[in-house]
Structure formats: C-alpha cells, structure tokens
Amino acid sequence: MEIVSSYVERAEDRVREAIISGKVKKVPALSDAQEEELALYAIARMIVSCAANRYLINRYAVAEAKKTSDYLSSDSSAHPDYVDAVAAEFGIRFEKAGAQFLVPLGKYLTYTPRSTDYKLANREVAGGKVKVNSHERVRMLEEAVKKKIERELPIRASFPAEVKASGARVLALLPKLEANVVKVGQENYPPCVRRMIEELALNVNLPHTARVALGIYLVKAGLPTDKIMEIFRGAPDFSEKTTRYQVEYLRTKNYSMPSCSTMDSYGVCVAECRCGTPLNYRANVHGRALKKEEEEGKK
Amino acid sequence: MSSLVASNEEKFLRKKFSDYYSSSAVAVRGLEKREFGFGGWEKKIEFRHLSFRNETELRARLVAEAPLYISHSVAYYEFPDERPMPRKNWEGSDLIFDLDAEGHSCGKFTCQECLDRVKADAIKLIEEFLLPDFGFSKSELAVNFSGSRGYHVHVVSDAIYDIDREARREIADYVSGTGLSFERLFWNEGKKFYGPAPTQGGFGGKFARAFVAKLSDDSFATSIARKLKKPEEREKLKGAIERGNWDNIGIANRERKLSEKFEEMKLTMAGRIDANVTADTSKLIRMPDSIHGGSGFAAKRLSSPDAISTFEPMRSAPVFGSAPLRVKATETVPALNIRDFSFGPFGAGEVRELPEACAIYLLCKKAAILA
C-alpha cells in the first residue's frame, strides 16, 4: 500500500487535534476538498488503529462524531438530503411529521444519549415510533457515528511503516493524560460508585445521568474539585473547562443524592446493598458489621 | 448444598415429571441458539450453560434427568454453551416482561386475588403499552403463565432484537413511568400554558384522553372546578383539550390539580413489572410449557395474547390429573381449589387422599410429604 506522506502528516494532525482539543476541523461539504477529506479520514483511522488504545479510539470517535453533527446542523437547511443519506448509512429512516420526525423505537433507544431529555417516559411514543425534532435527529446521527467508530476501531491489519510510526507518535501523547487516573480511598465507596470510577478509568463513555450521580456523590464525600476532575479525566469526551464548571455547579446547587432505585433506573446500580441511597452505604455496611460483631460477642 | 440422597418426594416428583416429558412435545423458538438451565429440589438453577441441537435432544435429556425447573435464555447466542458469558457471542434477545404477584402478602400458597390482579396487569401491559405505544403486533407477542402466580410476556421482534440493556431498561422505565416528569407534559412558556392533545403519543396523550373521558363523570368534573357541573362548560373544556389547548381553561390551581389527577389515574405500571428482568439480556426464564417445580403447574403457553382474559391458571395450568394420592401435611394448608377440586384447610400432621394435581402441588410447595 502506498500512501502520500503529506497525507499521513495531515491525518496525524487531525488525530492529534481530536485527542487534544476534542474537535476535528470542518471542511466545507461538497467542495473539491471532499476526496482529500475522505482520504485523510481513512488514514486517520489507520493511525488510531495502530495506536490501538481504547481511550484514544473513544476520544477520536467523539471528535469525528461532533464534526459530523456540525456538518449536518449547518448544511441540512441547504441540503436536506444529507441527513437522510447519513441516516440511511445506519439503517435509520426518519419519517417527516410536521416540523418533526418519527423514528423507530429500537433506533431511538440505540442512538440517543441516556439523559433526562431523552428519557422515553417523557417522549411521544406511538405505534413503535418516537417523535424527535431536527436538532435531536442530528444528535442521534452524531451518536451513531461515535458508536460506529468505537465499534470498528482498531482495524486489525498490517499498515505501512509510515502509518505505524505516526500511530506510535500519537500514542506517545497519552501517558501524560492517563497517568492521572487516580486511586482515591475507594474501598469504602458503594459498588455503583466504584464501578463508575473504574469505568471512567477504562475510558468508557458513561451516560450523562451516571456522571451527574457520580459527581454528586464525590462532592458529598468531601472530595475537592481537583480530585473529582482527575476521576472524570478518563471520560473520552473529557473537557477540562466543562467538567470543572459542572462539578462546581453541582457543588453550589447542593443537589440531593439520587436514591438507589433512581440509580437502578439509570442502569448503574450493580448490587443490592439495601441502603436506600448510595450515601448510606458506608454507614450501613459498617453499621451492620459492627452489629454482627456485637451479636457474635454475646454468644 | 443439597443432600446427596434425594428425598422420596423428590424422587417421586422427578418420576412424574419424566413421564410428563416423555409424553408431551417441547417447542422452543431458536432452541439451538439458547442457553438452558436446570434446577432441582434446592435451587431453581443448579446447572446452566447447557445447549441442545434440536428438540429431540432436549426432550431426551428432560426425560432422562427430569429437572424440577427448566429455564432457557431470553438471548440467542452463536455458542450458547461457552463460558464465560462474552464467549457465547450474543446475537440478540427477546424482550421480556415479568409480571408477578410477589410483594402481595398472601404467603406461599397461590390466592385467586393475586392471580386476578396479575392477569389484569398483563392485559393492561399488552393493550395499553405493547400494542399501541410500542407498535408490536399480536403475532410478535407470546404470553405464558409463569407456572407460579404470574405471567411472562415474550416479545419476539426484529424491532428490539439487538437493542442493549440500557435500551431495554428505558422500555421498562417507560412502562413503569420511572423518570416520568409532569413538567414535561405540562409547561409554561411566557404567559402561555401548554399541555398534551389526546392524539399525542406517550403519557401526555394517555392523560389527555383519560381526562376527556373522565369529564363525563360528575364527581371527577366537579373536583376540578365547580362550574363543570354545567354540561355546556364541560363540552367547552373537552373541545379545548381536544385541540390541545390547556391555556385559559378557567381552572384555579390548574397545575396542582392536573398533577393530582395524573397520579390518581394510575396510567403507569409502577411496581407491576420487574424492570431487572426486562433489562437483562442474558436472563434465564422459565421454558414455556415446562413444569414449575414449585407448583407442579405448567408454565402454560397461551394460544394467543387474547386468550389470557379467559385463562384460569388454577384450572388449566396443573399438569397432573385426578388419580388419588395420599399425602401428609407438614404445615397448615389453607382452603384451595385446584382443577375444580376444593380442599383444606387442614393442619400439620393430617393425612389426606387428594387428586394428584392437588397432592403434587402440596409436595412441590414442600407443605406435605408422601403418606
């Protein structure tokens, strides 16, 4: 396989930008740059595959997906077919319903983020279809692109030496970021919280609701913002500025901790600790252990 | 751990179960892609990761081993007997709704009240959610009695075949109304107040339709506003709501009242389905038409979703017949009616000759021994 080296360089820039800033530069659609754009995209995928690192892949996926949605939201008024064409790639058909769209239930659930805004219980659901507006339609496609890249990469193949070298350089960007995954005194945390922290360390994209719950817990557990930031740093779409703002926001709002049943409905409850709320876990577990000791002492 | 020597009761039941499986066919959709689990006297699942190539093979095993409980995965796998789980290569799953009377305080024996309540729940699930909202067709629904005191609804559809746990959890949450927020059905924007039209999908539409229907009820109407005593006022309000207009409807404290009415109408199925079962893509669930070892009843498959309304579990689900069998109660047995035979109450230590269906029910409940 022969690849023009200037392309490899530019593709590497694209990957670097995605990893560092979380964004990929926009190229005007349907211009002469299109073919080149496709080539760069293909090479970028190879570079990321060579680096073969989950964090890198997920973060790259987030950036590419964001770019797609930027394209679609700015160009869709001029070229309504674009959105349909991208949707068709993922086997999704949006049916027009006035100013809104109907999308099949299964696709809706697969390609919407798990957040309160998209909670199915609050949506118009009928005949196996869910109503979405045009912004939400694009957001679904963004999610679809992200999931597709996360699923497809790394590509297992042998690549030209130039691409491999580029992959190694990109990978070298990482240690600084990953070394930050913290060990906090986790052994006393409830299983759901421990699990979320572990998943973040593995660069799993936690749903928004789970992140909020984790944030509230850590704030209430008395962790300083900087420590909390370090935990969230593992998120593939981590942004220093946004996360800091959100953690501080949780702190000032003093939200109450979601109950165990709410955690369960977010899909993050992993055990039956019978605490009512994750905040009671420490007191409960230690309380029960103490009680047991006392009882055994009496025997 | 179970004791090494099987009790007489266990041996007896296994013999009976084996006879049953040797004389009745088994039919499982996608059998070769499912994982099976067998249970015994002590545990409902003792062995899992089992797989069978076809119905003959499965049936031969059931006749030979006569497990007291038989479950199969809701999932279809490439390699159902591989372990650990990821090596099975999950391909998709049926969508399951588990309706159970558990939590009802009638104790270990089955009571008619529970059975009726769960049956009504199952009908509501099908008629108000699965068909209209999720758009499944009746032919995609397979309903069976659980063999104990509930029902299982299996949805077999391409529309949900490969959706993940989180997506299934959303579906369960929708049915239960978990995360449903009144502020998203009714809201203020500027000076205007917005609400749902009856033609709308989801809980908004459900509420608007129920509300309009309920307006014909005097006490409901006047509990909203006194002026609604007058039929012309009611008609005016109905007309407005049908156009999706909840603004300027002349009701004091309308937000509080509407949210109270929303609660009262019990449009959701909160607490009536087990969300964990629906969300679990690798759940093992009772095999339809197999015998439930805790009752001696079949997890009877209904011929169609409509058949549920006339299905009487205590009459139709017992597998065994009327041959007499002597048993001795080991605890108090309440008044029961199985296969139209009434028996009990009687106390621990009493010996009775009962039709097999009834006697086996008591043996399975571990409330009696062979006498």
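What kind of link do the side chains of B:D121 and B:R272 meet in?

Modeller: Happy to, and keep in mind that this is a predicted model. The link is a salt bridge: the side chains of B:D121 and B:R272 come to 2.7 Å, N to O. The two residues belong to distant parts of the chain, 151 residues apart. B:D121 sits in helix α3 of chain B, while B:R272 is in the loop between α8 (254-264) and α9 (275-279) of that chain. B:D121 has a relative accessible area of 7%, so it counts as buried, the cut-off being under 20%.

What does B:K119 touch, once you leave aside its neighbours within four places in sequence? Its contacts are B:Y151, B:I308, B:S309, B:T310, B:F311 and B:E312. In another direction, B:L99 is 20 residues away in sequence from B:K119, and their C-alpha atoms are 8.6 Å apart.

For another salt bridge in chain B, find B:R301 and B:D289, whose closest N and O atoms are 3.2 Å apart. B:R301 is in the loop between β13 (297-298) and α10 (313-316), and B:D289 is in the loop between β11 (284-286) and β12 (291-292), so this pair ties together parts twelve residues apart in sequence. Both partners count as partly exposed, B:R301 at 35% relative accessibility and B:D289 at 29%.

A:R139 and A:E142 both lie in α6 (residues 134-152), three residues apart, or about one turn of the helix. Their salt bridge has its closest N and O atoms 3.9 Å apart. Here A:R139 is partly exposed at 23% relative accessibility, whereas A:E142 is buried at 14%.

Salt bridges also cross between the chains: the rule finds three at the interface of chain A and chain B. One joins the side chains of B:R184 and A:D117 at 3.2 Å, N to O. Over all chains, the count comes to 48 salt bridges.

Notes: Residues numbered from 1 in each chain as written. Chains lettered and ligands numbered in written order. Predicted model: local features only at pLDDT ≥ 70, side-chain atom pairs only at ≥ 80, totals over all residues. Heavy atoms only, no water. Salt bridge = Lys/Arg side-chain N within 4 Å of Asp/Glu carboxyl O. Contact = heavy atoms within 4.5 Å. Helix = DSSP H or I, 4+ residues; strand = E, 2+ residues; numbered from the N terminus. Buried < 20%, exposed > 50% of the residue type's maximum accessible area, 1.4 Å probe, protein only.
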